[in-house]
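Colleague: Could you walk me through how to read the packing in a structure like this one? I'd like the general idea and then the case at hand.

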Amino acid sequence: MTRQAWSEHRGVYGARRLTAELHERGHRWNRTAVARLMRLAGIEGAHRRRGGKPRRKAASTATAPDLVQRQFTATAPNRLWVADISYLRT
């Protein structure tokens with residue numbers, strides 16, 4: 001019965017949700033019994049994704065060419081456009 005209910009929910013339900021589902025179907029099993037039956041059947045719920053660790057930039061990564069040569073003052077209007085897009089993930 002646990003495997004059938006688990007597969008009906010695409011295999012994402014863990015012991016807590018599966019216990020609630022089985023209670024709705026009329027079975028009065030507690031969570032530890034459902035967890036034990038799941039373990040014996042070799043099924044488990046889907047895990048939430050975890051954010052990965054921040055990685056260091058590889059030394060071989062090429063950077064964009066510096067077209068402004070670090071001179072951020074314009075001599076006249078519409079000569080130099082500079083923007084900061086560091087908030088975008090690359």
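This is a predicted model: local features need pLDDT of at least 70, side-chain atom pairs count only at pLDDT 80 or more; totals for chains, interfaces and linings use all residues.

Colleague: Which residues make up the largest nonpolar core?

Modeller: The general idea is that in soluble globular proteins, nonpolar side chains tend to be buried together. Here the largest nonpolar core has nine residues: Ala5, Trp6, Tyr13, Ala15, Leu18, Leu22, Val34, Met38 and Ile43. Two or more residues each come from α1, α2 and α3, and α2 gives the largest share, three residues.

Colleague: How do I read a helix such as α3: which of its residues are buried, and which are exposed?

Modeller: An α-helix has 3.6 residues a turn, so residues three or four places apart point the same way. In α3, residues 31-41, the buried ones include Ala33, Val34 and Met38. These lie on the same side of α3 because they cover an arc of only 135° around the axis. Thr32, Arg39 and Leu40, on the other side of α3, are exposed. The cover over the buried residues of α3 includes α1 (2-8) and α2 (15-24).

Colleague: What follows α3?

Modeller: Gly42 does, with a positive phi near 75°.

Colleague: And why does Ile85 count as exposed?

Modeller: Exposed means over 50% relative accessible area, and Ile85 qualifies because its relative accessibility is 53%.

Technical notes: Residues are numbered from 1 along each chain as its sequence is written. Side-chain values use heavy atoms; hydrogens and water are left out. Buried means under 20% relative accessible area, exposed over 50%, partly exposed in between (1.4 Å probe, protein chains only). Helices (H or I, at least four residues) and strands (E, at least two) are DSSP runs, numbered from the N terminus. The arc is that of the directions from the helix axis to the C-beta atoms. Contact means heavy atoms within 4.5 Å. A nonpolar core is a set of buried Ala, Val, Leu, Ile, Met, Phe, Trp, Tyr and Cys residues joined through side-chain atoms within 4.5 Å.
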